[in-house]
Amino acid sequence: MAQLPAGIRFIISFSRDQWYRAFVFILTFLLYASFHLSRKPISIVKGELHRSCAAGNEDGARFNSQSQKASDIPSHQLPENETDCSWAPFDQDNYQQLLGALDYSFLCAYAIGMYLSGILGERLPIRYYLTFGMLASGIFTALFGLGYFYDIHSFGFYVITQIINGLVQTTGWPSVVTCLSNWFGKGRRGFIMGVWNSHTSVGNILGSLIAGYWVSTCWGLSFIVPGAIIAAMGIVCFLFLIEDPKDIACSSSLITHSKSYENGMHRFRLQKQALPEEKKLLDPEMQCLLLSDGKRTVHQNHIVTLPADGGSSTAAISFTGALKIPGVVEFSLCLLFAKLVSYTFLFWLPLYITNVDHLDAKKAGELSTLFDVGGIFGGILAGVISDRLEKRASTCGLMLLLAAPTLYIFSTISRMGLEATIAMLLLCGALVSGPYALITTAVSADLGTHKCLKGNSHALATVTAIIDGTGSVGAALGPLLAGLISPSGWNNVFYMLMFADACALLFLVRLIHKELSCPGSAAGGEVPFKEH
(Lines give C-alpha, C1' and ligand atoms only; values in the text may rest on other atoms or scores of the structure.)
Protein backbone atom coordinates (compact mmCIF):
# COMPACT_ATOMS: atom_id res chain seq x y z
CA MET A 1 0.00 0.00 0.00
CA ALA A 2 1.35 3.41 -1.01
CA GLN A 3 2.12 5.92 1.71
CA LEU A 4 -0.40 8.69 2.09
CA PRO A 5 0.69 12.17 1.00
CA ALA A 6 1.95 14.43 3.76
CA GLY A 7 -0.98 16.81 3.34
CA ILE A 8 -3.54 14.03 3.74
CA ARG A 9 -1.71 12.67 6.79
CA PHE A 10 -1.89 16.14 8.29
CA ILE A 11 -5.63 16.38 7.63
CA ILE A 12 -6.48 12.99 9.15
CA SER A 13 -4.26 13.65 12.18
CA PHE A 14 -7.05 15.87 13.48
CA SER A 15 -10.46 14.62 14.49
CA ARG A 16 -13.72 15.75 12.99
CA ASP A 17 -14.47 17.71 16.15
CA GLN A 18 -11.14 19.54 15.98
CA TRP A 19 -11.68 20.59 12.38
CA TYR A 20 -15.15 21.95 13.14
CA ARG A 21 -13.78 23.74 16.20
CA ALA A 22 -11.05 25.38 14.12
CA PHE A 23 -13.61 26.37 11.50
CA VAL A 24 -15.86 28.08 14.06
CA PHE A 25 -12.83 29.81 15.60
CA ILE A 26 -11.76 31.29 12.25
CA LEU A 27 -15.30 32.16 11.15
CA THR A 28 -16.25 34.02 14.35
CA PHE A 29 -12.85 35.76 14.21
CA LEU A 30 -13.60 37.10 10.74
CA LEU A 31 -17.19 37.99 11.60
CA TYR A 32 -16.31 40.23 14.49
CA ALA A 33 -13.26 41.66 12.76
CA SER A 34 -15.69 43.00 10.18
CA PHE A 35 -17.64 44.77 12.96
CA HIS A 36 -14.53 46.66 14.05
CA LEU A 37 -13.56 47.25 10.44
CA SER A 38 -16.84 49.12 9.96
CA ARG A 39 -16.38 51.22 13.14
CA LYS A 40 -12.93 52.56 12.31
CA PRO A 41 -13.65 54.89 9.33
CA ILE A 42 -15.11 57.71 11.47
CA SER A 43 -11.80 58.16 13.31
CA ILE A 44 -9.86 58.22 10.03
CA VAL A 45 -12.21 60.66 8.30
CA LYS A 46 -12.24 63.18 11.17
CA GLY A 47 -9.07 64.81 9.87
CA GLU A 48 -10.74 65.28 6.49
CA LEU A 49 -14.08 66.53 7.80
CA HIS A 50 -12.24 69.44 9.38
CA ARG A 51 -9.21 70.12 7.27
CA SER A 52 -7.09 73.25 7.42
CA CYS A 53 -6.06 74.30 3.94
CA ALA A 54 -3.45 76.61 5.41
CA ALA A 55 -1.49 73.52 6.40
CA GLY A 56 -1.01 72.49 2.81
CA ASN A 57 -2.59 74.07 -0.24
CA GLU A 58 -0.75 71.56 -2.39
CA ASP A 59 -2.67 68.68 -0.83
CA GLY A 60 -5.92 70.51 -1.42
CA ALA A 61 -5.10 71.06 -5.08
CA ARG A 62 -4.30 67.38 -5.48
CA PHE A 63 -7.56 66.47 -3.76
CA ASN A 64 -9.59 68.64 -6.16
CA SER A 65 -7.79 67.39 -9.27
CA GLN A 66 -8.22 63.74 -8.30
CA SER A 67 -11.86 64.27 -7.47
CA GLN A 68 -12.54 65.84 -10.84
CA LYS A 69 -10.77 63.01 -12.70
CA ALA A 70 -12.99 60.37 -11.16
CA SER A 71 -16.11 60.18 -13.28
CA ASP A 72 -18.24 58.64 -10.55
CA ILE A 73 -17.25 61.16 -7.88
CA PRO A 74 -19.01 64.52 -7.87
CA SER A 75 -16.97 67.68 -7.57
CA HIS A 76 -18.02 69.76 -4.58
CA GLN A 77 -18.07 73.52 -4.59
CA LEU A 78 -16.19 74.65 -1.52
CA PRO A 79 -16.89 77.96 0.18
CA GLU A 80 -14.14 80.51 0.01
CA ASN A 81 -12.86 80.96 3.56
CA GLU A 82 -9.90 79.97 5.63
CA THR A 83 -11.25 76.48 6.21
CA ASP A 84 -12.64 75.83 2.78
CA CYS A 85 -11.35 72.24 2.78
CA SER A 86 -13.64 71.29 5.68
CA TRP A 87 -17.00 69.59 5.30
CA ALA A 88 -19.94 71.52 6.71
CA PRO A 89 -21.13 71.45 9.45
CA PHE A 90 -17.69 70.43 10.74
CA ASP A 91 -16.08 73.62 9.44
CA GLN A 92 -16.96 75.60 12.58
CA ASP A 93 -14.76 76.48 15.53
CA ASN A 94 -16.57 73.91 17.68
CA TYR A 95 -15.75 71.07 15.28
CA GLN A 96 -14.15 68.98 18.05
CA GLN A 97 -17.38 69.01 20.04
CA LEU A 98 -19.37 68.07 16.94
CA LEU A 99 -17.04 65.19 16.12
CA GLY A 100 -17.18 64.09 19.74
CA ALA A 101 -20.98 64.14 19.57
CA LEU A 102 -20.85 61.73 16.61
CA ASP A 103 -18.77 59.31 18.68
CA TYR A 104 -21.02 59.76 21.69
CA SER A 105 -24.23 59.15 19.74
CA PHE A 106 -22.87 55.86 18.37
CA LEU A 107 -21.37 54.62 21.63
CA CYS A 108 -24.27 55.71 23.84
CA ALA A 109 -26.70 53.84 21.60
CA TYR A 110 -24.31 50.88 21.64
CA ALA A 111 -24.15 50.88 25.46
CA ILE A 112 -27.93 51.04 25.89
CA GLY A 113 -28.59 48.50 23.18
CA MET A 114 -26.05 46.04 24.58
CA TYR A 115 -28.12 45.37 27.70
CA LEU A 116 -31.11 44.50 25.54
CA SER A 117 -29.01 42.59 23.04
CA GLY A 118 -27.85 40.02 25.58
CA ILE A 119 -31.41 39.31 26.67
CA LEU A 120 -32.55 38.91 23.07
CA GLY A 121 -29.50 36.85 22.19
CA GLU A 122 -30.41 34.23 24.80
CA ARG A 123 -33.87 33.84 23.29
CA LEU A 124 -33.24 34.01 19.53
CA PRO A 125 -31.21 31.77 17.21
CA ILE A 126 -27.67 33.20 17.17
CA ARG A 127 -27.22 32.72 13.43
CA TYR A 128 -30.33 34.67 12.46
CA TYR A 129 -29.75 37.35 15.08
CA LEU A 130 -26.13 37.92 14.06
CA THR A 131 -26.94 37.90 10.34
CA PHE A 132 -29.59 40.58 10.80
CA GLY A 133 -27.20 42.75 12.80
CA MET A 134 -24.42 42.50 10.23
CA LEU A 135 -26.66 43.33 7.28
CA ALA A 136 -28.16 46.31 9.12
CA SER A 137 -24.70 47.50 10.18
CA GLY A 138 -23.55 47.39 6.58
CA ILE A 139 -26.51 49.49 5.45
CA PHE A 140 -26.08 52.24 8.03
CA THR A 141 -22.29 52.35 7.73
CA ALA A 142 -22.64 52.88 4.00
CA LEU A 143 -25.43 55.43 4.58
CA PHE A 144 -22.97 57.70 6.40
CA GLY A 145 -20.71 57.62 3.35
CA LEU A 146 -23.59 58.44 1.02
CA GLY A 147 -23.69 61.85 2.68
CA TYR A 148 -20.58 62.68 0.65
CA PHE A 149 -22.08 61.73 -2.71
CA TYR A 150 -25.43 63.41 -2.05
CA ASP A 151 -23.76 66.50 -0.57
CA ILE A 152 -25.56 66.21 2.78
CA HIS A 153 -24.47 68.78 5.37
CA SER A 154 -27.11 68.15 8.04
CA PHE A 155 -25.57 67.32 11.39
CA GLY A 156 -28.78 65.53 12.40
CA PHE A 157 -28.43 63.12 9.47
CA TYR A 158 -25.02 61.95 10.62
CA VAL A 159 -26.09 61.72 14.27
CA ILE A 160 -29.18 59.61 13.52
CA THR A 161 -27.13 57.33 11.28
CA GLN A 162 -24.62 56.82 14.08
CA ILE A 163 -27.34 56.10 16.65
CA ILE A 164 -29.05 53.41 14.56
CA ASN A 165 -25.71 51.90 13.60
CA GLY A 166 -24.74 51.73 17.27
CA LEU A 167 -27.94 49.89 18.13
CA VAL A 168 -27.67 47.23 15.42
CA GLN A 169 -23.97 46.61 16.11
CA THR A 170 -24.84 45.36 19.60
CA THR A 171 -25.95 42.08 18.02
CA GLY A 172 -22.34 41.12 17.38
CA TRP A 173 -20.44 40.68 20.62
CA PRO A 174 -22.83 38.55 22.75
CA SER A 175 -23.47 36.32 19.74
CA VAL A 176 -19.87 35.53 18.82
CA VAL A 177 -18.72 35.10 22.45
CA THR A 178 -21.60 32.72 23.16
CA CYS A 179 -20.91 30.75 20.01
CA LEU A 180 -17.19 30.44 20.70
CA SER A 181 -17.74 29.49 24.34
CA ASN A 182 -20.13 26.75 23.22
CA TRP A 183 -17.30 25.21 21.22
CA PHE A 184 -14.39 25.69 23.61
CA GLY A 185 -14.31 24.60 27.24
CA LYS A 186 -12.66 26.40 30.10
CA GLY A 187 -9.19 24.87 29.73
CA ARG A 188 -6.67 27.34 28.23
CA ARG A 189 -9.56 29.73 27.69
CA GLY A 190 -7.38 32.78 28.37
CA PHE A 191 -4.88 31.90 25.64
CA ILE A 192 -7.47 30.77 23.10
CA MET A 193 -9.64 33.83 23.57
CA GLY A 194 -6.58 36.08 23.75
CA VAL A 195 -5.60 34.94 20.27
CA TRP A 196 -9.20 35.07 19.09
CA ASN A 197 -9.73 38.57 20.50
CA SER A 198 -7.02 39.89 18.21
CA HIS A 199 -9.89 40.24 15.73
CA THR A 200 -10.48 43.63 17.38
CA SER A 201 -7.04 44.88 16.38
CA VAL A 202 -7.09 43.14 13.00
CA GLY A 203 -10.44 44.76 12.22
CA ASN A 204 -9.17 48.17 13.35
CA ILE A 205 -6.04 47.83 11.22
CA LEU A 206 -7.96 46.78 8.11
CA GLY A 207 -10.54 49.49 8.72
CA SER A 208 -7.80 52.11 9.03
CA LEU A 209 -6.09 50.99 5.83
CA ILE A 210 -9.31 50.73 3.82
CA ALA A 211 -10.69 54.05 5.05
CA GLY A 212 -7.30 55.72 4.68
CA TYR A 213 -7.03 54.66 1.04
CA TRP A 214 -9.93 56.92 0.03
CA VAL A 215 -9.97 59.51 2.82
CA SER A 216 -8.09 62.22 0.91
CA THR A 217 -9.83 61.70 -2.42
CA CYS A 218 -13.37 60.49 -1.66
CA TRP A 219 -14.12 59.95 2.00
CA GLY A 220 -17.58 58.59 1.20
CA LEU A 221 -15.98 55.35 -0.01
CA SER A 222 -14.20 55.10 3.34
CA PHE A 223 -17.62 54.17 4.75
CA ILE A 224 -19.28 52.45 1.81
CA VAL A 225 -16.57 49.83 1.26
CA PRO A 226 -16.44 48.71 4.94
CA GLY A 227 -20.25 48.68 4.95
CA ALA A 228 -20.26 46.35 1.95
CA ILE A 229 -17.70 44.09 3.63
CA ILE A 230 -19.66 43.61 6.86
CA ALA A 231 -22.88 43.01 4.90
CA ALA A 232 -21.11 40.35 2.82
CA MET A 233 -19.81 38.71 6.00
CA GLY A 234 -23.39 38.68 7.28
CA ILE A 235 -24.35 36.49 4.32
CA VAL A 236 -21.38 34.22 5.11
CA CYS A 237 -22.62 34.00 8.70
CA PHE A 238 -26.08 32.93 7.57
CA LEU A 239 -24.66 30.22 5.31
CA PHE A 240 -21.95 28.72 7.53
CA LEU A 241 -22.20 29.57 11.24
CA ILE A 242 -22.76 26.57 13.53
CA GLU A 243 -24.07 27.84 16.86
CA ASP A 244 -23.48 24.80 19.04
CA PRO A 245 -21.45 21.59 18.65
CA LYS A 246 -24.58 19.63 19.54
CA ASP A 247 -26.12 20.75 16.24
CA ILE A 248 -23.74 18.46 14.34
CA ALA A 249 -23.11 15.86 17.06
CA CYS A 250 -19.75 17.27 18.14
CA SER A 251 -18.41 17.64 21.66
CA SER A 252 -17.31 21.00 23.01
CA SER A 253 -14.70 19.55 25.37
CA LEU A 254 -13.30 16.36 26.79
CA ILE A 255 -15.51 14.78 29.41
CA THR A 256 -12.95 13.04 31.61
CA HIS A 257 -11.17 14.83 34.35
CA SER A 258 -7.51 13.99 34.61
CA LYS A 259 -4.62 14.72 36.88
CA SER A 260 -0.99 14.81 35.77
CA TYR A 261 1.94 13.58 37.81
CA GLU A 262 5.60 13.90 36.98
CA ASN A 263 8.27 11.39 38.11
CA GLY A 264 11.78 12.14 36.93
CA MET A 265 11.84 12.12 33.13
CA HIS A 266 8.52 10.35 32.77
CA ARG A 267 5.01 11.75 32.76
CA PHE A 268 1.87 9.74 33.16
CA ARG A 269 -1.78 10.70 33.41
CA LEU A 270 -4.28 9.20 35.80
CA GLN A 271 -8.00 9.43 35.38
CA LYS A 272 -9.60 11.10 38.36
CA GLN A 273 -12.79 9.39 39.42
CA ALA A 274 -15.65 11.75 40.09
CA LEU A 275 -16.57 12.15 43.73
CA PRO A 276 -20.16 11.84 44.93
CA GLU A 277 -22.08 15.07 44.64
CA GLU A 278 -22.12 15.69 48.35
CA LYS A 279 -18.33 15.30 48.65
CA LYS A 280 -17.23 17.49 45.79
CA LEU A 281 -15.10 20.48 46.67
CA LEU A 282 -14.99 23.68 44.73
CA ASP A 283 -11.96 24.59 42.69
CA PRO A 284 -9.66 27.35 44.02
CA GLU A 285 -11.21 29.96 41.72
CA MET A 286 -14.66 29.32 43.16
CA GLN A 287 -13.34 29.43 46.72
CA CYS A 288 -11.64 32.76 46.12
CA LEU A 289 -14.74 34.38 44.64
CA LEU A 290 -17.26 33.15 47.18
CA LEU A 291 -15.34 33.29 50.44
CA SER A 292 -14.30 36.33 52.41
CA ASP A 293 -10.84 34.92 53.19
CA GLY A 294 -10.36 32.47 50.34
CA LYS A 295 -8.77 29.88 52.71
CA ARG A 296 -11.52 27.69 54.08
CA THR A 297 -12.76 24.56 52.42
CA VAL A 298 -16.15 24.99 50.81
CA HIS A 299 -18.55 22.19 50.10
CA GLN A 300 -20.89 22.06 47.16
CA ASN A 301 -24.01 22.34 49.32
CA HIS A 302 -22.87 25.80 50.44
CA ILE A 303 -23.40 27.25 47.00
CA VAL A 304 -26.42 29.44 46.40
CA THR A 305 -27.98 28.47 43.08
CA LEU A 306 -29.20 31.35 40.96
CA PRO A 307 -32.54 30.32 39.46
CA ALA A 308 -33.42 31.15 35.90
CA ASP A 309 -36.65 32.76 34.86
CA GLY A 310 -39.41 30.22 35.19
CA GLY A 311 -37.34 27.97 37.42
CA SER A 312 -36.04 25.77 34.62
CA SER A 313 -32.33 25.00 34.36
CA THR A 314 -32.55 25.40 30.63
CA ALA A 315 -34.34 28.75 30.71
CA ALA A 316 -32.53 32.02 30.12
CA ILE A 317 -31.23 33.66 33.28
CA SER A 318 -32.76 36.92 34.44
CA PHE A 319 -30.89 40.23 34.38
CA THR A 320 -30.80 40.46 38.19
CA GLY A 321 -29.77 36.82 38.43
CA ALA A 322 -26.77 37.50 36.20
CA LEU A 323 -25.77 40.46 38.38
CA LYS A 324 -25.65 38.16 41.42
CA ILE A 325 -22.91 36.02 39.90
CA PRO A 326 -19.74 36.71 41.92
CA GLY A 327 -17.40 39.07 40.06
CA VAL A 328 -19.84 40.37 37.43
CA VAL A 329 -20.32 43.80 39.02
CA GLU A 330 -16.62 44.36 39.75
CA PHE A 331 -15.41 43.37 36.30
CA SER A 332 -18.21 45.36 34.66
CA LEU A 333 -17.20 48.57 36.44
CA CYS A 334 -13.53 47.91 35.75
CA LEU A 335 -14.31 47.49 32.06
CA LEU A 336 -16.22 50.77 32.07
CA PHE A 337 -12.99 52.68 32.71
CA ALA A 338 -10.71 50.36 30.73
CA LYS A 339 -12.92 50.70 27.67
CA LEU A 340 -13.09 54.47 28.16
CA VAL A 341 -9.32 54.57 27.60
CA SER A 342 -9.32 52.11 24.70
CA TYR A 343 -12.11 53.80 22.74
CA THR A 344 -10.66 57.25 23.28
CA PHE A 345 -7.60 56.00 21.44
CA LEU A 346 -9.76 54.28 18.84
CA PHE A 347 -11.68 57.44 17.92
CA TRP A 348 -9.17 60.22 18.60
CA LEU A 349 -5.69 58.80 18.03
CA PRO A 350 -5.49 59.66 14.29
CA LEU A 351 -6.50 63.27 14.97
CA TYR A 352 -3.99 63.51 17.82
CA ILE A 353 -1.22 62.25 15.55
CA THR A 354 -2.29 64.73 12.87
CA ASN A 355 -2.04 67.63 15.33
CA VAL A 356 1.14 66.58 17.11
CA ASP A 357 3.21 65.05 14.31
CA HIS A 358 1.71 67.26 11.57
CA LEU A 359 0.80 64.38 9.26
CA ASP A 360 -2.10 64.22 6.82
CA ALA A 361 -5.17 62.12 7.55
CA LYS A 362 -4.01 59.11 5.51
CA LYS A 363 -0.57 58.86 7.12
CA ALA A 364 -2.00 59.45 10.59
CA GLY A 365 -4.51 56.63 10.05
CA GLU A 366 -1.77 54.26 8.94
CA LEU A 367 0.41 55.17 11.91
CA SER A 368 -2.46 54.68 14.36
CA THR A 369 -2.64 50.99 13.38
CA LEU A 370 0.48 50.41 15.48
CA PHE A 371 -1.66 50.88 18.59
CA ASP A 372 -3.78 47.94 17.41
CA VAL A 373 -0.69 45.86 16.60
CA GLY A 374 0.38 46.33 20.20
CA GLY A 375 -3.14 45.40 21.26
CA ILE A 376 -2.82 42.00 19.56
CA PHE A 377 0.23 41.10 21.63
CA GLY A 378 -1.30 42.59 24.78
CA GLY A 379 -4.46 40.49 24.53
CA ILE A 380 -2.53 37.26 23.93
CA LEU A 381 -0.05 38.05 26.72
CA ALA A 382 -2.86 38.76 29.19
CA GLY A 383 -4.54 35.46 28.30
CA VAL A 384 -1.35 33.41 28.66
CA ILE A 385 -0.42 34.97 32.01
CA SER A 386 -3.93 34.58 33.43
CA ASP A 387 -4.04 30.92 32.33
CA ARG A 388 -0.67 30.18 33.90
CA LEU A 389 -1.38 32.00 37.18
CA GLU A 390 -5.13 31.27 37.18
CA LYS A 391 -5.65 34.83 38.38
CA ARG A 392 -7.68 36.91 35.93
CA ALA A 393 -8.17 39.94 38.16
CA SER A 394 -4.50 40.12 39.19
CA THR A 395 -3.39 39.97 35.57
CA CYS A 396 -5.71 42.84 34.65
CA GLY A 397 -4.59 44.82 37.69
CA LEU A 398 -0.91 44.52 36.83
CA MET A 399 -1.42 45.75 33.27
CA LEU A 400 -3.62 48.63 34.44
CA LEU A 401 -0.96 49.61 36.98
CA LEU A 402 1.65 49.77 34.22
CA ALA A 403 -0.64 51.49 31.72
CA ALA A 404 -1.14 54.74 33.67
CA PRO A 405 2.53 55.87 33.75
CA THR A 406 2.99 54.63 30.18
CA LEU A 407 0.24 56.99 29.02
CA TYR A 408 2.03 59.91 30.68
CA ILE A 409 5.31 58.97 29.00
CA PHE A 410 3.52 58.69 25.65
CA SER A 411 2.04 62.18 25.98
CA THR A 412 5.52 63.54 26.77
CA ILE A 413 7.79 61.89 24.22
CA SER A 414 5.34 61.59 21.31
CA ARG A 415 6.17 65.22 20.54
CA MET A 416 9.85 64.37 20.16
CA GLY A 417 9.53 62.72 16.79
CA LEU A 418 8.05 59.91 14.75
CA GLU A 419 10.32 57.18 16.13
CA ALA A 420 9.29 57.85 19.73
CA THR A 421 5.63 57.87 18.70
CA ILE A 422 5.94 54.46 17.02
CA ALA A 423 7.57 52.82 20.05
CA MET A 424 5.08 54.21 22.52
CA LEU A 425 2.08 53.33 20.34
CA LEU A 426 3.08 49.65 20.46
CA LEU A 427 3.63 49.67 24.23
CA CYS A 428 0.46 51.63 25.02
CA GLY A 429 -1.56 49.38 22.73
CA ALA A 430 -0.41 46.27 24.61
CA LEU A 431 -1.04 47.64 28.11
CA VAL A 432 -4.35 49.37 27.34
CA SER A 433 -5.87 46.57 25.26
CA GLY A 434 -4.68 43.65 27.43
CA PRO A 435 -7.14 44.07 30.34
CA TYR A 436 -9.93 45.13 27.98
CA ALA A 437 -9.43 41.99 25.86
CA LEU A 438 -9.20 39.65 28.85
CA ILE A 439 -12.34 40.95 30.56
CA THR A 440 -14.52 40.94 27.44
CA THR A 441 -13.53 37.39 26.46
CA ALA A 442 -12.13 34.91 28.98
CA VAL A 443 -13.52 36.63 32.10
CA SER A 444 -16.98 37.03 30.54
CA ALA A 445 -16.98 33.39 29.45
CA ASP A 446 -15.81 32.25 32.90
CA LEU A 447 -18.55 34.19 34.68
CA GLY A 448 -21.19 33.19 32.13
CA THR A 449 -20.44 29.52 32.86
CA HIS A 450 -19.93 30.02 36.58
CA LYS A 451 -20.49 26.99 38.81
CA CYS A 452 -23.21 28.75 40.78
CA LEU A 453 -25.33 28.51 37.63
CA LYS A 454 -25.50 24.73 38.04
CA GLY A 455 -24.91 24.05 34.36
CA ASN A 456 -27.38 26.60 33.00
CA SER A 457 -25.95 27.33 29.55
CA HIS A 458 -28.41 30.14 28.87
CA ALA A 459 -26.61 32.80 30.90
CA LEU A 460 -23.52 33.47 28.80
CA ALA A 461 -24.97 36.04 26.39
CA THR A 462 -26.66 37.94 29.23
CA VAL A 463 -23.49 38.06 31.34
CA THR A 464 -21.39 39.04 28.33
CA ALA A 465 -23.86 41.79 27.43
CA ILE A 466 -23.91 43.17 31.00
CA ILE A 467 -20.12 43.35 31.17
CA ASP A 468 -19.63 44.74 27.68
CA GLY A 469 -22.67 47.01 27.96
CA THR A 470 -21.31 48.59 31.14
CA GLY A 471 -17.95 48.92 29.44
CA SER A 472 -19.62 50.60 26.51
CA VAL A 473 -20.86 53.35 28.84
CA GLY A 474 -17.21 54.20 29.35
CA ALA A 475 -16.60 53.83 25.64
CA ALA A 476 -19.28 56.47 25.07
CA LEU A 477 -17.94 58.83 27.72
CA GLY A 478 -14.29 58.63 26.68
CA PRO A 479 -14.50 60.10 23.17
CA LEU A 480 -17.08 62.65 24.37
CA LEU A 481 -14.81 63.84 27.17
CA ALA A 482 -11.88 63.90 24.77
CA GLY A 483 -13.84 66.19 22.46
CA LEU A 484 -14.70 68.52 25.33
CA ILE A 485 -11.24 68.52 26.93
CA SER A 486 -8.97 68.55 23.86
CA PRO A 487 -9.48 72.28 23.08
CA SER A 488 -7.77 73.05 26.41
CA GLY A 489 -4.78 70.90 25.45
CA TRP A 490 -4.02 67.27 24.70
CA ASN A 491 -2.15 66.88 28.00
CA ASN A 492 -5.46 67.24 29.84
CA VAL A 493 -6.89 64.39 27.77
CA PHE A 494 -4.05 62.12 28.89
CA TYR A 495 -4.58 63.11 32.53
CA MET A 496 -8.20 62.04 32.13
CA LEU A 497 -7.09 58.69 30.68
CA MET A 498 -4.65 58.08 33.52
CA PHE A 499 -7.37 58.81 36.07
CA ALA A 500 -9.66 56.31 34.29
CA ASP A 501 -6.98 53.61 34.48
CA ALA A 502 -6.62 54.24 38.21
CA CYS A 503 -10.39 53.88 38.69
CA ALA A 504 -10.41 50.61 36.72
CA LEU A 505 -7.71 49.24 39.00
CA LEU A 506 -9.61 50.38 42.10
CA PHE A 507 -12.67 48.29 41.24
CA LEU A 508 -10.53 45.15 41.03
CA VAL A 509 -8.82 45.56 44.40
CA ARG A 510 -11.25 43.26 46.26
CA LEU A 511 -10.97 40.48 43.68
CA ILE A 512 -7.20 40.84 43.49
CA HIS A 513 -6.97 40.53 47.27
CA LYS A 514 -9.04 37.36 47.20
CA GLU A 515 -6.97 35.85 44.41
CA LEU A 516 -3.68 36.59 46.13
CA SER A 517 -4.95 35.29 49.49
CA CYS A 518 -6.25 32.11 47.88
CA PRO A 519 -4.02 29.05 48.52
CA GLY A 520 -4.18 28.20 44.80
CA SER A 521 -4.37 24.87 43.10
CA ALA A 522 -1.10 23.57 44.46
CA ALA A 523 -2.04 24.20 48.05
CA GLY A 524 -5.40 22.67 47.52
CA GLY A 525 -3.88 19.49 46.16
CA GLU A 526 -5.75 19.87 42.88
CA VAL A 527 -4.38 20.33 39.41
CA PRO A 528 -6.89 22.12 37.19
CA PHE A 529 -8.00 20.12 34.20
CA LYS A 530 -6.68 21.52 30.95
CA GLU A 531 -8.58 20.75 27.76
CA HIS A 532 -6.77 20.27 24.48
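Visitor: Where is the place of Ala-249?

Guide: Ala-249 sits in the loop between helix H11 (221–240) and strand S1 (258–263). Helices (H or I, at least four residues) and strands (E, at least two) are DSSP runs, numbered from the N terminus. This is a predicted model, where local features need pLDDT of at least 70, side-chain atom pairs count only at pLDDT 80 or more, and totals for chains, interfaces and linings use all residues. Residues are numbered from 1 along each chain as its sequence is written, and side-chain values use heavy atoms, with hydrogens and water left out.

Visitor: Okay. What is the phi of Ala-249?

Guide: Positive, about 60°, although Ala-249 is not a glycine. Most residues other than glycine have a negative phi.

Visitor: Is Ala-249 buried or exposed?

Guide: Ala-249 counts as exposed because its relative accessibility is 67%. The cut-offs are under 20% relative accessible area for buried and over 50% for exposed, with partly exposed in between (1.4 Å probe, protein chains only).

Visitor: And what about Glu-390, which phi does it have?

Guide: Glu-390 has a positive phi too, about 55°, and is not a glycine. The loop between helix H15 (361–389) and helix H16 (392–413) holds Glu-390. With a relative accessible area of 34%, Glu-390 is partly exposed.

Visitor: New topic. Which residues does a cis peptide bond join?

Guide: Ala-88 and Pro-89, with omega about 10°. Most peptide bonds are trans. Pro-89 is in the loop between helix H4 (57–69) and helix H5 (95–123).

Visitor: Last one. Where is Ile-11 found?

Guide: In helix H1. Ile-11 counts as partly exposed because its relative accessibility is 41%.
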